[in-house]
Amino acid sequence: GKLYQRQMIPVFKQQLKEAKWYGEKYELGLILARLGDKEGIEIVRREMQGLPIDNRLSRYTGVFFYTRQKPIIDLLFQDLNSKEIEEPSWEFGEPPMEGTPYAYYAMKLLMKLIKDFPITKLEYDYGTTMEFIEARNKEDLAIARKWAKKHKKNYQIIEE
């Protein structure tokens with residue numbers, strides 16, 4: 001799929017029909033999705049949709065970058081509006097750190113995948129307080145959500 005040899009689509013589609021195991025079907029779906037095949041895109045979209053948000057935005061982020069297909073990236077727009085928050089982290093002898101909203105992770109992915117996304121970097125100077133970072137993240141998230149609401153149907157994916 002990465003080599004983008006579209007002439008191989010019929011071969012991969014035949015292998016998909018003959019595949020017996022789910023993992024094999026999913027991997028072929030990834031290849032076909034990368035090549036722009038609708039069936040492959042749907043296989044991957046359905047799988048990603050079924051994942052818990054924490055897995056989708058941490059363990060499977062490479063799928064968004066590999067496939068670069070709107071129906072799959074649309075899941076990030078859904079996650080951008082999520083109110084779910086990751087579990088707080090605990091360190092021995094310290095009070096728990098507040099969990100980060102998953103919407104922040106979706107925003108970070110979208111800023112790397114979408115052309116003209118309004119948030120382009122989330123870097124802070126050394127010594128910046130957590131209160132400043134949290135306030136800035138909330139402001140960035142509000143800007144990103146407003147932009148996404150307006151552009152969800154007509155955004156452009158950044159090519160590799």
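1. **Basis.** Because the model is predicted, local features need pLDDT of at least 70 and side-chain atom pairs count only at pLDDT 80 or more, while totals for chains, interfaces and linings use all residues. Residues are numbered from 1 along each chain as its sequence is written, and side-chain values use heavy atoms, with hydrogens and water left out.

2. **Helix α3, length.** Helices here are DSSP runs of H or I with at least four residues, numbered from the N terminus. α3 has 13 residues. From first C-alpha to last, α3 reaches 18 Å, close to the 18 Å expected at 1.5 Å a residue. The expected span is 1.5 Å times one less than the number of residues.

3. Buried means under 20% relative accessible area, exposed means over 50%, and partly exposed is in between (1.4 Å probe, protein chains only). G40, I41, I43, V44 and M48 of α3 are buried. They cover an arc of only 160° around the axis, so they sit on the same side of α3. The arc is taken over the directions from the helix axis to the C-beta atoms. K38 and G50 are exposed on the other side of α3. The buried residues of α3 pack against α1, α2, α4, α5 and α6; contact means heavy atoms within 4.5 Å.

4. What caps the N-terminal end of α3? D37 does, with a side-chain oxygen 3.2 Å from the backbone nitrogen of E39. A polar contact is a pair of N or O atoms within 3.5 Å; within protein, one must be able to donate a hydrogen and the other to accept it, and residues adjacent in sequence count only if both atoms are side-chain atoms. D37 also forms a salt bridge with K13, with the closest N and O atoms 3.0 Å apart. D37 lies in the loop between α2 (22–34) and α3 (38–50), and K13 lies in helix α1 (residues 9–18), so the pair ties together parts that are 24 residues apart in sequence. D37 is buried at 11% relative accessibility. K13 is partly exposed at 25%.

5. **Other salt bridges.** A salt bridge is a side-chain nitrogen of Lys or Arg within 4 Å of a carboxyl oxygen of Asp or Glu. The count comes to five. One of them joins D79 and R56 at 2.8 Å, N to O. D79 is in helix α6 and R56 in helix α4 (residues 53–56), so this pair ties together parts that are 23 residues apart in sequence. D79 and R56 are both buried. Salt bridges that share partners also join K13, D37 and E39 into one network.

6. **A pair within α3.** E42 forms a salt bridge with R46, the closest N and O atoms being 3.5 Å apart. The two are four residues apart in helix α3, so about one helical turn separates them. An α-helix has 3.6 residues a turn, so residues three or four places apart point the same way. E42 is partly exposed, at 30% relative accessibility.

7. **Nonpolar core.** A nonpolar core is a set of buried Ala, Val, Leu, Ile, Met, Phe, Trp, Tyr and Cys residues joined through side-chain atoms within 4.5 Å. Which of the 43 residues in the largest core touch the most other members? They are F64, I73, L76, I114 and F117. α1, α2, α3, α5, α6, α7 (102–113) and α8 each supply at least two residues of this core. α7 gives the most, with nine residues. Leaving aside neighbours within four places in sequence, I114 is in contact with I73, F77, W147, Y155, Q156 and I158.

8. **R68.** Is R68 buried or exposed? R68 counts as buried, at 18% relative accessibility. R68 is found in the loop between α5 (61–67) and α6 (70–80). The R68 side chain reaches the backbone oxygen of I158 at 2.6 Å. Beyond its neighbours within four places in sequence, R68 is in contact with residues including V63, I73, L113 and E160.

9. D140 lies in helix α8 (residues 130–151) and is buried, with a relative accessible area of 2%. D140 and I119 are 21 residues apart in sequence and 6.6 Å apart in space, C-alpha to C-alpha. M8 is in the segment before α1 and is partly exposed at 29%.
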